[in-house]
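Q: Hi! Could you walk me through this one? I'd like to start with the sheets.

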Amino acid sequence: MTEASDVPEAKRYEARADGGSEVAGVATATPTTSWPGLRVSDWTATRDTLHMWTQIVGKIRMAHAPLVNHWWQVTLYVSSRGLTTSTVPYRAGAFEIEFDFVGHRLEVRSSDGGTRSFPLRPMPVAEFYTRILHTLDELGIEAPIHPYPNEVEPAIPFAEDHDHASYDGEAAALFWRQLLQANRVMGEFRSHFVGKVSPVHFFWGAMDLACTRFSGRSAPLHPGGAPNCGDWVMVEGYSRELSSCGFWPGGGEEGAFYAYAYPEPDGFADYPVGPEGAYFSSEFKQFLLPYEAVRAAPDPDRAVAEFLHTTYEAAAVRGQWDRSALEDDPFRWDGTTSRRRDSE
């Protein structure tokens, strides 16, 4: 029987009668799935304000969660209503903070039964910062965070930032729906890998949804260089050889999917990837697939899946990863009591 890893990821596509597609035998959603349009230029002010709000909430999680390799303990996650910290340990209990982009509220819930919220509306970052600290204080939760943003220039202290004060609720909800689609397809992509792989999670430093696969080998010391971010942060983040992909509201008229490798192996940028519209950006030093190209594709799910699989293949093939040990069929137990490949 042919092993999943013996088939180039670029070739793992089959049409389905219902109009959907399959990637390595795994069904993706039908083309009727909603991929909403949202031009970056139409919500830049809201995007930049929301970026600062997510940094504050992410730093609150960071203040209480124990270190997990590559800073995985600081991220947010796509939820059924927005973005959430998930459960954050606090003393003998826990709490959670969620951006609700359906009801347009910031919700804080504590394991002792306490709940507090306030509306998401146009307000300066300074006001949001004051309100969330007050909300946490009402629940008896301390939040000792570094009160400056990271990975942006200039880095205005949260308590002094009156420049970022926009909130377009419709745009925020559309962005969340973009994240919902990206999260779903990236989650399916993640299931093909049995080596070390990150969750699909939202990094508030660069405001991107990401998923990262690792070869199992160490990486050269990262040089750092991100604005207003210590080099040691990048050293931890890139301590192992990796192939990373994601989506962020930049790089295209409506945002873009991206993929890169660290360290970048020889020939990576020249590797053939799909779908049509994907290209290697010398400016960003990564592959990009504009979101608008995805939305216009006959099957957006398949377009994103092709991009994720072929760009990973660029890293794995050029970097000589041990693919037979790292990849597997996510449907290997489907409907049986023994591995599907073992029974064929």
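Q: What is the strand order in the open sheet of six strands?
A: The order is 10-11-12-13-15-14, and the pairing is antiparallel. Strands here are DSSP E runs of at least two residues, helices are H or I runs of at least four, and both are numbered from the N terminus. Two strands pair if DSSP finds at least two bridges between them. This is a predicted model, where local features need pLDDT of at least 70, side-chain atom pairs count only at pLDDT 80 or more, and totals for chains, interfaces and linings use all residues. Residues are numbered from 1 along each chain as its sequence is written, and side-chain values use heavy atoms, leaving out hydrogens and water.

Q: Which strands stand at the edges?
A: Strand 10 (201-203) and strand 14 (279-281); each has a single partner strand, so one side of each lacks a neighbour in the sheet.

Q: And how many bridges link strand 13 and strand 15?
A: Four, joining residues 256-262 of strand 13 with residues 286-290 of strand 15 in the antiparallel sense. Tyr258 has Leu288 in strand 15 as its bridge partner.

Q: New topic: where is Ala92?
A: Ala92 sits in the loop between strand 6 (88-90) and strand 7 (93-100).

Q: Is Ala92 buried or exposed?
A: Exposed, because its relative accessibility is 89%; exposed means over 50%, buried under 20% and partly exposed in between, with a 1.4 Å probe and protein chains only.

Q: What share of the protein chain is buried?
A: Buried residues make up 54% of its 344 residues.
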